[in-house]
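Dear colleague,

Please find below the structure for your review. My notes on its contents follow directly after it.

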Amino acid sequence: MTQAPSATIRHGVVVNAPLERAFRVFTERFGDFKPREHNLLSVPIAESVFEPRVGGHIFDRGVDGSVCKWARILAFEPPSRVLFTWDIGPTWQVESDLTRTSEVEVRFIAESQERTRVELEHRHIERHGEGWESLLGVDGDGGWPLYLGRYVDLFDESRA
């Protein structure tokens, strides 16, 4: 049996915000930059929630109250790092086999007192098994670059 090659996607952005604020906006306002059309529910999303603790989840709540938990928080280390699973399989459904999930690590690195570099690494995508290559779409314009671009845009708003 041959092992699939390791698949890792990396993206980074710089925000004009202190380290603590950059971390807080990412975790507390995750639903403000996650596109609502990225939806595994059968109804529109009312909110996306990032539970700020190890053992928590990232989930979408539908307008009817239904919930889709699509990530588990593995590390929560304010203000420098979060690590969560990507529990969405190659068919774009929630994966019930937790050995067939990948990981997303987000690191926050102060470049100055008012600027923070945010590095995202989505790794072990090959763990999803047959068809895992379809998940490489998260590297495209509608994936992590879109999320991070919308995250950066939050710092241009007065309420960030």
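Lys34 is buried, at 2% relative accessibility (buried means under 20% relative accessible area, exposed over 50% and partly exposed in between, with a 1.4 Å probe and protein chains only). Its side chain meets that of Asp60 in a salt bridge, 3.2 Å from N to O (a salt bridge is a side-chain nitrogen of Lys or Arg within 4 Å of a carboxyl oxygen of Asp or Glu). Asp60 is likewise buried, with a relative accessible area of 2%. The pair links distant parts of the chain, since Asp60 lies in strand 3 and Lys34 in the loop between helix 2 and strand 2, 26 residues apart (helices, H or I with at least four residues, and strands, E with at least two, are DSSP runs numbered from the N terminus).

This is a predicted model, in which local features need pLDDT of at least 70 and side-chain atom pairs count only at pLDDT 80 or more, while totals for chains, interfaces and linings use all residues. Residues are numbered from 1 along each chain as its sequence is written, and side-chain values use heavy atoms, with hydrogens and water left out.

The whole structure holds 16 salt bridges. Arg123 and Glu105 form one of them, with their closest N and O atoms 2.6 Å apart. Arg123 is in strand 7 and Glu105 in strand 6, 18 residues apart. Arg123 is buried at 14% relative accessible area, and Glu105 is buried at 8%. Both belong to a network of salt bridges that also includes Arg10, Glu77 and Arg81. Another salt bridge joins Glu119 and Arg117 at 2.2 Å, N to O; here Glu119 is partly exposed at 31%, as is Arg117 at 29%.

As to the fold, 7 strands form an open antiparallel sheet in the order 1-7-6-5-4-3-2 (two strands pair if DSSP finds at least two bridges between them). Its edge strands are strand 1 (9-15) and strand 2 (45-50), each pairing on one side only. Strand 2 pairs with strand 3 (residues 57-62) over 5 bridges, and Phe50 has Ile58 as its bridge partner in strand 3.

Aromatic pairs number 17 (ring centres of Phe, Tyr and Trp, the last by its six-membered ring, within 6.5 Å; planes under 30 degrees apart are stacked, over 60 edge-to-face and the rest tilted). Phe30 and Trp70 form a tilted pair, 6.1 Å centre to centre with 40° between the planes. Phe30 lies in helix 2 (residues 30-33) and Trp70 in strand 4, so the pair ties together parts 40 residues apart in sequence. Phe30 is buried at 1%, and Trp70 is buried at 2%.

Yours sincerely
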